[in-house]
Amino acid sequence: MIQFNNLSFGYSPKKLLYKNLTLEIQSGSIYGLLGKNGAGKSTLLKNMVGTLFPVEGSVMVNGMVPKTRKPSFLQTIYYIAEDVYVPALTIKQYKNLFAPFYPLFDSDNFYRYLTELEVSVDGKLNKLSFGQQKKFVIAFALACNTRVLLMDEPTNGLDIPSKSQFRKLIASVMNEDRIIFISTHQIRDLENMIDNVIIVDDGKLLLHASVADIADKVCFKTVSEIPAGVKVLYSEKMLRGTAVVMENIDGDDSGLNLEQLFNGVTENPAMAKQIFSTN
Amino acid sequence: MEFREKQAIYLQIAEYVCEQILLKQWPLEAKILSIRDLAVMMQVNPNTVQRAYDFLQQREIITNKRGVGYFVEGDAMARVIAFRKEQFLENELPVFLRSMYLLDIPVEEIEMRYKKFIDETFKEKKHED
């Protein structure tokens, strides 16, 4: 479990990005963190892994404080940055150097993931293309078997077959003790993987809900006329009519469109709050 | 007129399982794919497959033998058909009826085409059964 307790954070002490953020992240789920450019997504991830510290309040990851950066904490968490860095080492040298930091590292799985993502290298890792480097880091991170896995835009730079391989790998490594936390703009790449959605904007938490909860509170439809007398969070003209995200008054069980939900929640945060706070 | 853009994923998975049973790809009383294997195959969250399997269990279409896995119920077929029919009437038929109305296609024409379709597509197969 990851707990944010009244966390405030700012890159300058005068201008805070997050103010009094309180959020609880449960094990056994894949979280999707959505936000516009500059909304503070990466900042949130860095606070969890301990490369940035809260100005006030706290973050606790499975009962540990990231800021202290104890080895006992660091061996339980892996953070894949958006722009990965690999040194001038071969795969084997990299593994020999970094795998010992992760006691649950599984070497067989590591090579299996590399094969599945079609990463093959004879030479040094830094000679690889960006996409290949990224896939290498993903394979290494998954093989580390950490309880917490944070990923910042993991599908950026991945080619079309790799995105589908990536989803398969994530589905195969998920278990009830793990937290997989993914920050992304590429919602469609991961729409069916995410079971909890967090939307941040302007340093504020606009939405934190499970996919089941979202389907319960709102429905996604295409209509010829926008219905009157119900809360419509978002609407958009489409080929077949108007796509709407609206209050789910009929107990529909529709599939989610996270893109439309995101637009609705960021354009209409007050209405979203109303819809999601009712029981 | 309004229609759902798409179904909840867990229901799509439940339909997939039912389809496999109807097509006899997954025989009655046989063990079916584990939650993880189906999640990997479908590229979805394992929790979503869990939800689909819970749903199918409630409908007594599959059963969970602890520590062994999930199995198709021996008498699942009637309930599979009932579930698929419900889904069809609720989701697919309204779209079909709407087009029928807008394009002014008489029921008789549909009936004729329906018979022809069944003749061409299923006749031989039905004789084999």
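Guide: Helices (H or I, at least four residues) and strands (E, at least two) are DSSP runs, numbered from the N terminus. Over residues 7-75 of chain B, the chain is 51% helix and 12% strand, with its end C-alpha atoms 26 Å apart. This is a predicted model, in which local features need pLDDT of at least 70 and side-chain atom pairs count only at pLDDT 80 or more, while totals for chains, interfaces and linings use all residues. Residues are numbered from 1 along each chain as its sequence is written, and chains are lettered from A and ligands numbered from 1 in the order in which they are written.

Visitor: Which UniProt annotation covers residues 7-75 of chain B?

Guide: The unreviewed entry gives "domain: HTH gntR-type" for that stretch. UniProt positions follow the numbering used here, with feature names shortened, and annotations may be inferred rather than shown by experiment. For chain A, the unreviewed entry has "domain: ABC transporter" over residues 2-227. That span of chain A is 31% helix and 27% strand, and 40 Å lie between its end C-alpha atoms.

Visitor: How is chain A divided into domains?

Guide: Domain bounds come from an automatic or database domain assignment. Here chain A has domain 1 (2-202) and domain 2 (211-277). Their centres, taken over C-alpha atoms, are 30 Å apart. Nine residues from domain 1 of chain A and seven residues from domain 2 of chain A make the contact (two residues are in contact if their C-beta atoms, placed from the backbone, lie within 7 Å). Strand β8 (residues 196-201) of chain A gives the most on the domain 1 side, with three residues.

Visitor: How do I read a sheet, and what is the strand order in the open sheet of six strands?

Guide: Strands of a sheet pair through backbone hydrogen bonds, either parallel or antiparallel. Two strands count as paired if DSSP finds at least two bridges between them. In chain A, the six strands run in the order β5-β6-β7-β3-β8-β9, with mixed pairing. β5 (77-80) and β9 (204-210) of chain A each have a single partner strand, so one side of each has no neighbour in the sheet. Inside the sheet, strand β3 (residues 29-34) and strand β7 (residues 179-183) of chain A pair in the parallel sense over five bridges. A:I30 has A:I180 in β7(A) as its bridge partner.

Visitor: What about the open sheet of three strands?

Guide: Its order is β2-β1-β4 in chain A, and the pairing is antiparallel. The edge strands of chain A are β2 (18-25) and β4 (56-61). Strand β1 (residues 2-9) of chain A pairs with β2(A) over five bridges, and A:I2 stands opposite A:I25 in β2(A).

Visitor: Where does helix α1 of chain A lie?

Guide: Helix α1 (residues 41-49) of chain A lies across β1 and β4 of chain A, at about 120° to β1(A). Axes are lines fitted to C-alpha atoms, for helices over the stretch in contact, and angles run from 0 to 180 degrees between N-to-C directions. α1(A) also lies across β3, β5, β6 (148-152), β7 and β8 of chain A, running at about 155° to β6(A).

Visitor: Which residues touch the most other members of the largest nonpolar core?

Guide: A nonpolar core is a set of buried Ala, Val, Leu, Ile, Met, Phe, Trp, Tyr and Cys residues joined through C-beta atoms within 7 Å. Buried means 20 or more other C-beta atoms within 10 Å of a residue's own, exposed means 12 or fewer, and partly exposed is in between, with C-beta atoms placed from the backbone. Among the 99 residues here, A:A139, A:V197 and A:I199 touch the most other members. Helix α5 (residues 130-143) of chain A gives the most, with eight residues. Leaving aside residues up to four places away in sequence, A:A139 touches A:F110, A:Y113, A:L114, A:L117 and A:V119.
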